[in-house]
Amino acid sequence: ERVAGTRWPVDPALPANVRERMRSTALQAAGLQHPCIVELHDFGWDGDGAYAVSAFVEGETLAQYLARAGRLPALQGLSLSLQLLAGLAAAHGRGLVHSALNPQHVLMGRNGQLKIAGFGWVAAAASAGRRPRRVVVPAYMASRQILGQPADCRADLYSAAVVAYELLTGSWPYQAHAAPRPARALRREL
(Lines give C-alpha, C1' and ligand atoms only; values in the text may rest on other atoms or scores of the structure.)
Protein backbone atom coordinates (compact mmCIF):
# COMPACT_ATOMS: atom_id res chain seq x y z
CA GLU A 1 0.00 0.00 0.00
CA ARG A 2 1.23 3.49 -0.86
CA VAL A 3 1.26 6.07 1.90
CA ALA A 4 1.46 9.86 2.12
CA GLY A 5 3.28 11.83 4.79
CA THR A 6 2.80 15.30 6.23
CA ARG A 7 5.28 17.04 8.53
CA TRP A 8 5.16 20.41 10.26
CA PRO A 9 7.28 22.23 12.87
CA VAL A 10 6.19 22.27 16.50
CA ASP A 11 7.49 24.42 19.34
CA PRO A 12 10.38 22.43 20.91
CA ALA A 13 9.29 23.65 24.35
CA LEU A 14 5.95 21.85 24.02
CA PRO A 15 5.59 19.75 27.19
CA ALA A 16 5.72 15.95 26.91
CA ASN A 17 2.18 15.55 28.31
CA VAL A 18 0.81 17.84 25.57
CA ARG A 19 2.73 15.88 22.92
CA GLU A 20 1.27 12.65 24.26
CA ARG A 21 -2.26 14.10 24.26
CA MET A 22 -1.77 15.15 20.62
CA ARG A 23 -0.56 11.68 19.68
CA SER A 24 -3.42 10.00 21.55
CA THR A 25 -5.99 12.27 19.88
CA ALA A 26 -4.53 11.57 16.45
CA LEU A 27 -4.38 7.82 16.90
CA GLN A 28 -8.07 7.71 17.86
CA ALA A 29 -8.66 8.27 14.16
CA ALA A 30 -6.24 5.55 13.08
CA GLY A 31 -8.87 2.81 13.09
CA LEU A 32 -11.52 4.85 11.28
CA GLN A 33 -12.32 3.23 7.95
CA HIS A 34 -14.87 4.76 5.64
CA PRO A 35 -14.91 5.18 1.85
CA CYS A 36 -15.05 8.98 2.26
CA ILE A 37 -12.17 9.33 4.76
CA VAL A 38 -8.43 8.98 4.16
CA GLU A 39 -7.19 6.40 6.64
CA LEU A 40 -4.56 7.61 9.15
CA HIS A 41 -1.80 5.07 9.81
CA ASP A 42 0.52 6.86 12.23
CA PHE A 43 1.19 10.14 14.00
CA GLY A 44 4.28 11.03 15.95
CA TRP A 45 7.29 13.22 16.56
CA ASP A 46 10.46 13.63 14.59
CA GLY A 47 12.93 16.02 16.21
CA ASP A 48 11.25 19.43 16.38
CA GLY A 49 8.31 18.46 14.20
CA ALA A 50 5.18 16.35 14.14
CA TYR A 51 4.26 13.99 11.33
CA ALA A 52 1.22 12.11 10.07
CA VAL A 53 1.25 9.08 7.76
CA SER A 54 -1.94 8.22 5.90
CA ALA A 55 -3.16 6.18 2.96
CA PHE A 56 -2.18 7.63 -0.41
CA VAL A 57 -5.03 8.84 -2.61
CA GLU A 58 -4.39 9.04 -6.34
CA GLY A 59 -5.92 12.35 -7.36
CA GLU A 60 -5.89 15.97 -6.29
CA THR A 61 -7.31 18.21 -3.60
CA LEU A 62 -10.84 19.47 -4.01
CA ALA A 63 -9.35 22.99 -4.14
CA GLN A 64 -7.23 21.99 -7.16
CA TYR A 65 -10.19 20.24 -8.78
CA LEU A 66 -12.47 23.27 -8.34
CA ALA A 67 -9.79 25.64 -9.66
CA ARG A 68 -9.58 23.49 -12.78
CA ALA A 69 -13.24 22.57 -13.23
CA GLY A 70 -14.99 25.72 -11.97
CA ARG A 71 -18.60 25.52 -10.84
CA LEU A 72 -19.75 21.91 -10.95
CA PRO A 73 -22.94 20.54 -12.50
CA ALA A 74 -25.67 20.54 -9.84
CA LEU A 75 -25.94 16.73 -9.55
CA GLN A 76 -22.17 16.32 -9.21
CA GLY A 77 -22.03 19.07 -6.56
CA LEU A 78 -24.86 17.42 -4.64
CA SER A 79 -23.25 13.98 -4.92
CA LEU A 80 -19.93 15.28 -3.60
CA SER A 81 -21.72 17.15 -0.79
CA LEU A 82 -23.44 13.91 0.25
CA GLN A 83 -20.10 12.07 0.24
CA LEU A 84 -18.62 14.81 2.44
CA LEU A 85 -21.52 14.53 4.89
CA ALA A 86 -21.31 10.72 4.94
CA GLY A 87 -17.63 10.91 5.90
CA LEU A 88 -18.36 13.45 8.62
CA ALA A 89 -21.22 11.32 9.98
CA ALA A 90 -18.90 8.32 10.30
CA ALA A 91 -16.23 10.34 12.10
CA HIS A 92 -18.66 12.20 14.33
CA GLY A 93 -20.24 8.86 15.25
CA ARG A 94 -16.85 7.90 16.74
CA GLY A 95 -16.51 11.24 18.52
CA LEU A 96 -13.92 12.62 16.07
CA VAL A 97 -13.90 16.24 14.92
CA HIS A 98 -11.85 17.47 11.96
CA SER A 99 -11.71 21.16 13.01
CA ALA A 100 -10.18 22.44 9.76
CA LEU A 101 -12.40 21.13 6.99
CA ASN A 102 -11.89 22.96 3.70
CA PRO A 103 -11.19 22.01 0.06
CA GLN A 104 -7.47 21.65 0.83
CA HIS A 105 -8.33 18.77 3.18
CA VAL A 106 -10.71 17.03 0.83
CA LEU A 107 -9.25 14.83 -1.88
CA MET A 108 -10.82 13.90 -5.20
CA GLY A 109 -9.73 10.45 -6.26
CA ARG A 110 -9.20 9.74 -9.95
CA ASN A 111 -12.37 7.62 -9.72
CA GLY A 112 -14.45 10.61 -8.55
CA GLN A 113 -14.57 9.41 -4.93
CA LEU A 114 -14.31 12.23 -2.40
CA LYS A 115 -12.15 11.57 0.70
CA ILE A 116 -11.66 13.77 3.75
CA ALA A 117 -8.01 14.01 4.77
CA GLY A 118 -6.56 15.10 8.10
CA PHE A 119 -8.91 13.44 10.57
CA GLY A 120 -7.01 12.92 13.78
CA TRP A 121 -3.83 14.85 13.13
CA VAL A 122 -5.50 18.21 12.47
CA ALA A 123 -7.58 17.85 15.63
CA ALA A 124 -4.47 16.75 17.53
CA ALA A 125 -2.56 19.82 16.43
CA ALA A 126 -5.53 22.02 17.27
CA SER A 127 -5.89 20.44 20.72
CA ALA A 128 -2.48 21.82 21.64
CA GLY A 129 -3.02 25.10 19.84
CA ARG A 130 -0.28 24.15 17.37
CA ARG A 131 -2.09 24.06 14.07
CA PRO A 132 -0.03 23.90 10.87
CA ARG A 133 -0.42 27.34 9.26
CA ARG A 134 -1.65 26.07 5.90
CA VAL A 135 -4.76 24.42 7.39
CA VAL A 136 -6.31 27.64 8.71
CA VAL A 137 -8.76 29.03 6.16
CA PRO A 138 -11.08 31.54 7.86
CA ALA A 139 -13.72 31.43 5.09
CA TYR A 140 -14.55 27.85 6.16
CA MET A 141 -14.32 28.36 9.93
CA ALA A 142 -17.37 28.51 12.18
CA SER A 143 -17.73 31.68 14.22
CA ARG A 144 -16.88 29.81 17.45
CA GLN A 145 -13.50 28.84 15.98
CA ILE A 146 -12.78 32.39 14.86
CA LEU A 147 -13.53 33.49 18.43
CA GLY A 148 -10.97 30.99 19.71
CA GLN A 149 -13.43 28.42 21.04
CA PRO A 150 -12.81 24.73 20.41
CA ALA A 151 -14.25 23.11 17.33
CA ASP A 152 -16.97 20.50 17.64
CA CYS A 153 -19.25 18.59 15.26
CA ARG A 154 -21.25 21.75 14.60
CA ALA A 155 -18.12 23.56 13.41
CA ASP A 156 -17.40 20.69 11.00
CA LEU A 157 -20.96 20.88 9.67
CA TYR A 158 -20.64 24.63 9.15
CA SER A 159 -17.43 24.06 7.20
CA ALA A 160 -19.12 21.33 5.15
CA ALA A 161 -21.99 23.70 4.34
CA VAL A 162 -19.51 26.30 3.05
CA VAL A 163 -17.82 23.63 0.91
CA ALA A 164 -21.22 22.46 -0.42
CA TYR A 165 -22.19 26.05 -1.25
CA GLU A 166 -18.92 26.45 -3.14
CA LEU A 167 -19.47 23.16 -5.02
CA LEU A 168 -22.91 24.30 -6.13
CA THR A 169 -22.30 27.99 -6.84
CA GLY A 170 -18.59 28.34 -7.53
CA SER A 171 -18.13 30.93 -4.77
CA TRP A 172 -18.12 31.33 -0.98
CA PRO A 173 -21.35 32.32 0.73
CA TYR A 174 -19.68 35.40 2.25
CA GLN A 175 -17.61 37.91 0.34
CA ALA A 176 -15.79 40.83 1.96
CA HIS A 177 -18.19 43.65 2.88
CA ALA A 178 -21.20 41.96 1.26
CA ALA A 179 -24.23 40.13 2.58
CA PRO A 180 -24.44 36.44 1.66
CA ARG A 181 -26.40 35.63 -1.47
CA PRO A 182 -28.83 32.70 -1.49
CA ALA A 183 -27.50 29.83 -3.59
CA ARG A 184 -30.63 30.03 -5.78
CA ALA A 185 -29.70 33.61 -6.72
CA LEU A 186 -26.45 32.27 -8.20
CA ARG A 187 -27.91 29.11 -9.67
CA ARG A 188 -31.57 29.01 -10.63
CA GLU A 189 -31.95 25.20 -10.71
CA LEU A 190 -31.21 24.81 -6.98
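## Exercises: strands, a helix and a patch

Ser54 sits in strand S3, residues 49–55; strands here are DSSP runs (E, at least two residues), helices are H or I runs of at least four, and both are numbered from the N terminus. Before you start: this is a predicted model, so local features need pLDDT of at least 70 and side-chain atom pairs count only at pLDDT 80 or more, while totals for chains, interfaces and linings use all residues. Residues are numbered from 1 along each chain as its sequence is written, and side-chain values use heavy atoms, with hydrogens and water left out.

**Exercise 1.** Work out whether Ser54 is buried or exposed, and which residues it touches.

Solution. 
- Start with the cut-offs: buried means under 20% relative accessible area, exposed means over 50%, and partly exposed is in between (1.4 Å probe, protein chains only).
- Ser54 comes out at 17%, so it is buried.
- Now list its contacts (heavy atoms within 4.5 Å). Skipping residues up to four places away in sequence, Ser54 touches Val3, Ala4, Val38, Glu39, Leu40 and His41.

**Exercise 2.** Place Val106 in the fold and find what surrounds it.

Solution. 
- Val106 belongs to strand S5, residues 106–109.
- Its relative accessibility is 0%, so Val106 is buried.
- Beyond its neighbours within four places in sequence, Val106 contacts Glu60, Thr61, Leu62, Leu84, Leu101, Leu114, Lys115 and Ile116.
- Take Thr61 from that list: Val106 and Thr61 are 45 residues apart in sequence, yet their C-alpha atoms are 5.7 Å apart.

**Exercise 3.** Check the span of helix H3 against the expected one, then say what covers its buried residues.

Solution. 
- H3 covers residues 74–93, which is 20 residues.
- The expected span is 1.5 Å times one less than the number of residues. For H3 that gives 28 Å, and the C-alpha distance from first to last residue is also 28 Å.
- The buried residues of H3 are Ala74, Gly77, Leu80, Ser81, Gln83, Leu84, Gly87, Leu88, Ala91 and His92.
- An α-helix has 3.6 residues a turn, so residues three or four places apart point the same way.
- Their cover includes S5, strand S6 (114–116) and H6.
- After H3 comes Gly95, with a positive phi near 80 degrees.

**Exercise 4.** Find out how much accessible area the nonpolar patch of Leu82, Leu85 and Leu157 has, and where Leu157 lies.

Solution. 
- Patch members need over 30% relative accessible area and no salt bridge; like charges are joined within 9 Å and nonpolar side chains (Val, Leu, Ile, Met, Phe, Trp, Tyr) within 5 Å. A salt bridge is a side-chain nitrogen of Lys or Arg within 4 Å of a carboxyl oxygen of Asp or Glu.
- Areas come from Shrake-Rupley with a 1.4 Å probe, and for residues only the protein chains shown count as cover.
- Together, the three leucines have about 280 Å² of accessible area.
- Leu157 lies in helix H6, residues 153–169. With 44% relative accessible area, Leu157 is partly exposed.

**Exercise 5.** Sum up the chain: how many helices and strands, and what share of residues is buried?

Solution. 
- The chain has seven helices and six strands.
- Of its 190 residues, 45% are buried.
- Of the contacts with a separation of 6 or more, 64% join residues 24 or more positions apart.
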